[in-house]
Amino acid sequence: MDSDAVVVGGGIGGLSAALALHRHGWRVTVLERAPELREVGAGLSLMANAVRALDALGLGPALRRSGHAEAPGGIRNRHGRWLSRVDATEMVRQLGTTALGVHRATLHRTLREALPASSLHTDAAVERVKSGPDRAEVRFRRQDGVHSLSADLVVGADGLRSRVRAQLWPHHAGPVYAGSTTWRAAIAFPDPVPAAISWGRGAEFGMVPIGDGQLYWYGALNAPPGGHAPDELTALREHFGDWHDPIPALLAATPPDVVLRNDIHYLPVPLPSYVRGRVALLGDAAHAMTPNLGQGAGQAIEDAVVLGAVCAGGAEGLPAALAAYDEQRRPRSQAVARASLTAGRFGQQLHHPLAVAMRDTALRLTPGRVALRSMARYADWRPPAG
Ligand SMILES: Cc1cc2nc3c(=O)[nH]c(=O)nc-3n(C[C@H](O)[C@H](O)[C@H](O)COP(=O)(O)OP(=O)(O)OC[C@H]3O[C@@H](n4cnc5c(N)ncnc54)[C@H](O)[C@@H]3O)c2cc1C
């Protein structure tokens with residue numbers, strides 16, 4: 001008999017998990033509560049580890065064609081002075097692949113198209129998940145009523161405010177506000193621009209070419225939670241309009257209705273396990289992190305590849321396979337989450353003028369190879385063999 005899995009959530013993590021299991025012969029059902037399967041948001045940086053994980057899913061070549069291989073970039077101050085530069089050639093030599101800038105919608109569509117259409121179900125909001133010794137049960141609501149499914153494995157890939165996590169780890173503290181808000185957009189901007197970030201006081205602006213003449217930019221600021229402006233683009237210009245070129249030009253080229261604003265939340269308390277019985281958590285549901293290292297989606301895709309690899313033998317021996325998943329994924333993803341938080345505190349969130357000046361000087365004095373080593377630390381990951 002086929003081994004079967006239900007994946008809760010059709011985001012980047014859920015679709016990656018579905019694809020990884022499907023490639024290892026599992027019958028997969030994805031339940032997504034939204035009426036349509038799509039990815040909201042602008043662009044993404046996929047670090048070398050994420051690109052390798054996508055290679056393991058068979059999608060690397062297509063994404064390299066549609067995305068943009070990140071060219072030399074680095075960190076600047078708000079006036080455009082380089083504080084640290086990345087030697088892209090050396091980075092590729094060390095990591096074996098470039099990082100990629102992609103449109104989120106492109107990544108999501110590429111994952112979706114690699115799965116059988118019959119496995120994808122929208123308008124299916126999971127309300128309850130229960131794990132027994134041999135099977136797990138999922139109850140979900142559709143417009144026509146409440147349904148149930150039972151499966152060998154349930155994957156909770158339902159994001160930051162995961163219902164699966166809340167039900168199976170009821171005492172876990174859940175997400176909190178990280179202290180920063182972000183604006184993002186993907187725009188047409190054919191002029192060449194390096195993938196780079198710029199730091200001010202409690203502020204960061206990033207730009208990433210994502211292929212096909214498009215560019216993804218974001219601005220991040222320390223701010224109280226829940227803020228909204230009647231016109232977000234005007235609010236953004238007040239903060240970043242006098243930063244270095246081409247930031248004013250990017251804002252000028254942005255239609256107001258494509259700007260997204262989101263507060264940043266993360267899980268401050270690491271989960272004690274990503275597995276309970278026949279249920280495994282993955283992606284933001286397991287380890288929602290701040291975006292400062294550009295690793296959240298990358299870690300979700302890594303989770304998916306490892307889950308597929310440990311489950312390659314099917315449902316037989318699943319408890320041991322899931323224990324191996326937890327052992328391989330939890331320490332690494334939680335370390336990346338901690339490092340991302342630290343990177344944000346030292347980078348985007350640093351506000352005191354003296355501290356900012358000291359940081360900028362320290363960065364300028366750091367030899368390129370040391371900066372590269374620290375950037376490569378989490379990007380140097382290889383998928384399991386086989
Ligand atoms: C500003 C910002 C910038 C970022 N930049 C980067 C970057 O450059 N690189 C990078 O790697 N990462 C980045 N990230 C992180 C990345 O976006 C996330 O880590 C990633 O999208 C998580 O994917 P996921 O599938 O785990 O969760 P989600 O994308 O949240 O998907 C969860 C899915 O589950 C569905 N769902 C929820 N509840 C239910 C339910 N009860 N029943 C059924 N379906 C349900 C939701 O509708 C959603 O479709 C960034 C994040 C932010 C906020």
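This report covers helices, cores, a pocket and some backbone features of one predicted model.

Residues are numbered from 1 along each chain as its sequence is written, and side-chain values use heavy atoms, with hydrogens and water left out. Because the model is predicted, local features need pLDDT of at least 70 and side-chain atom pairs count only at pLDDT 80 or more, while totals for chains, interfaces and linings use all residues.

**Helices**

Helices (H or I, at least four residues) and strands (E, at least two) are DSSP runs, numbered from the N terminus. The expected span of a helix is 1.5 Å times one less than its number of residues.

| Helix | Residues | Number of residues | First to last C-alpha | Expected span |
|---|---|---|---|---|
| H1 | 12–23 | twelve residues | 16 Å | 16 Å |
| H10 | 296–310 | 15 residues | 21 Å | 21 Å |
| H13 | 368–379 | twelve residues | 17 Å | 16 Å |

Buried means under 20% relative accessible area, exposed over 50%, and partly exposed in between (1.4 Å probe, protein chains only). Ten of the twelve residues of H1 are buried, so H1 is largely enclosed by the rest of the structure. Among them are Ile-12, Leu-15, Leu-19 and Leu-21. Gly-25 follows H1 and has a positive phi, near 90°.

H10 is also largely enclosed, because 14 of its 15 residues are buried. In H13 the buried residues are Ala-371, Leu-372, Ala-376, Tyr-378 and Ala-379. Their cover includes helices H2 (48–56), H4 (88–95) and H11 (318–346), and strand E6 (82–85).

**Cores and contacts**

A nonpolar core is a set of buried Ala, Val, Leu, Ile, Met, Phe, Trp, Tyr and Cys residues joined through side-chain atoms within 4.5 Å. The largest has 68 residues, and Leu-46 and Leu-153 have the most contacts inside it. A second, separate core holds 19 residues, including Ile-187, Val-193, Trp-217 and Leu-221.

Contact means heavy atoms within 4.5 Å. Leaving aside neighbours within four places in sequence, Leu-46 is in contact with Val-51, Leu-54, Ala-99, Leu-100, Val-102, Leu-107 and Ile-301.

Thr-254 sits in the loop between helix H8 (247–252) and strand E17 (260–266). Thr-254 is buried, with a relative accessible area of 4%. Not counting residues up to four places away in sequence, Thr-254 touches Ala-185, Ile-187, Trp-217, Leu-233 and Val-259.

**Second largest pocket**

On a 1 Å grid over the protein atoms alone, a pocket is an open set of points where a 1.4 Å probe fits, with protein on both sides within 12 Å along at least five of seven lines; lining residues have an atom within 4 Å of a point. The second largest pocket holds about 210 Å³ of space. Of its 14 lining residues, Arg-78, Gly-200, Arg-201, Ala-203 and Trp-243 are the closest to its centre. Helices H7 (232–240) and H12 (353–365) each give two or more residues to the lining.

**Backbone features**

Most residues other than glycine have a negative phi, and most peptide bonds are trans. Asp-123 has a positive phi of about 55°. It lies in the loop between strands E8 (120–121) and E9 (125–131), and is partly exposed at 25% relative accessibility. Asp-212 has a positive phi of about 60°. Its loop runs between strands E15 (203–211) and E16 (214–222), and Asp-212 is exposed at 75% relative accessibility.

A cis peptide bond joins Asp-245 and Pro-246, with omega about 0°. Pro-246 lies in the loop between H7 and H8.

Terms used
Grid points are joined across faces, edges and corners, and a volume is the space filled by probe spheres set on the points.
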